[in-house]
Amino acid sequence: MVTPGARVLDVGCGDGALLQYLAVTKGVDGRGIELSMAGVRAAVRRGVSVIQGNADTDLADYPGGAFDYAILSQTLQATQRPREVLDHLLRVAAHAIVSFPNFGFWKARWHLVSKGRMPVTPGLPEEWWETPNIHFCTIKDFVALARRMDLVIEKGVALNENGTVNRLSATGPWANLLSAQAVFLLRRRDPKGGPVPNGGPNGGSNDGRRP
């Protein structure tokens, strides 16, 4: 989903593995924000440019249109204000790439129905008292929020528990039941009612500027 040479902000970048991969394979100009100092140190050891920060509060400090892509990987459900975070992602970047565990996955449903307890699955491995996740959502919930925010879903990919792509469209009728995770490529709709042209305000190109 990321074009070569793009300017990328990875929010909740963890140990920087994704940014390192994108730098090596696509030559991106990448930056990261990570809440934990352990993650920041690990990312720095990888040679990734990263600062300690909180998605809920620190995205507001970034100028609009500074990036081509803002990535929020497996982090949305751990934010205090998911809608505001999505809004900031698409303020600072032309595109947002968002992935999250699907609480509507059949194994999560079955665990809750059969045992009467919060699900513990490969995609949701922590017990309820220690999980960083505070806003569980399903694929259908996320699609509904995107529509409510009038965002364009350019692409939706459904994933299995091990992260491999399955054959279901993330916006199709069966993904919410049969997919453990999903990843979406989003952009804003332009004021005239159509989708923002590909690449958004920066045209998807890397002009060498840095925020």
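**Close-up views of a predicted model**

**View A. Helix 6 (residues 139-148) lies across strand 5 (93-101), strand 6 (151-159) and strand 8 (181-188).** The direction of helix 6 runs at about 5° to that of strand 8. Axes are lines fitted to C-alpha atoms, for helices over the stretch in contact, with angles from 0 to 180 degrees between N-to-C directions; contact means heavy atoms within 4.5 Å. Helices (H or I, at least four residues) and strands (E, at least two) are DSSP runs numbered from the N terminus. The model is predicted, so local features need pLDDT of at least 70 and side-chain atom pairs count only at pLDDT 80 or more, while totals for chains, interfaces and linings use all residues. Residues are numbered from 1 along each chain as its sequence is written, and side-chain values use heavy atoms, with hydrogens and water left out.

**View B. The open sheet has eight strands in the order 3-2-1-4-5-8-6-7.** Pairing in this sheet is mixed, where two strands pair if DSSP finds at least two bridges between them. From one strand to the next, the twist averages 20°. Helix 2 (residues 37-45) packs on the sheet, where it touches strand 2 and strand 3, and its direction makes about 165° with that of strand 3.

**View C. Strand 1 (residues 7-11) and strand 2 (residues 29-34) run parallel.** Five bridges join the two strands. Ile 33 in strand 2 stands opposite Val 11.

**View D. Strand 6 and strand 7 form a hairpin.** These two strands run antiparallel and are joined by two bridges. Leu 159 has Val 165 in strand 7 as its bridge partner. Five residues lie between the strands, and Gly 163 in the turn has a positive phi of about 90°.

**View E. The largest pocket holds about 380 Å³ of space.** A pocket is an open set of points, on a 1 Å grid over the protein atoms alone, with protein on both sides within 12 Å along at least five of seven lines; lining residues have an atom within 4 Å of a point. Of the 17 lining residues, Met 1, Leu 18, Ile 71, Ile 97 and Val 183 lie nearest the pocket centre. Helix 1 (17-26), strand 4 (67-73), strand 5, strand 6 and strand 8 each give two or more residues to this lining, and the largest share, four residues, comes from helix 1. By class, the lining has eleven nonpolar, five polar and one charged residues.

**View F. The second largest pocket has about 230 Å³ of space.** Leu 35, Asn 54, Ala 55, Thr 75 and Ala 78 are the closest to its centre among the 14 lining residues. Strand 2 and helix 3 (55-58) are the elements that give two or more residues to the lining. Its classes are six nonpolar, six polar and two charged residues.

**View G. One cavity of 30 Å³ or more is found in a search of the whole structure.** A cavity is a set of grid points where a 1.4 Å probe fits but cannot get out. The largest cavity has a volume of about 40 Å³, and a volume is the space filled by probe spheres set on the points. Pro 101, Asn 102, Phe 105, Ala 108, Thr 121, Gly 123, Leu 124 and Ala 180 line the largest cavity. Five of the lining residues are nonpolar, three are polar and none is charged; Gly is counted as polar.
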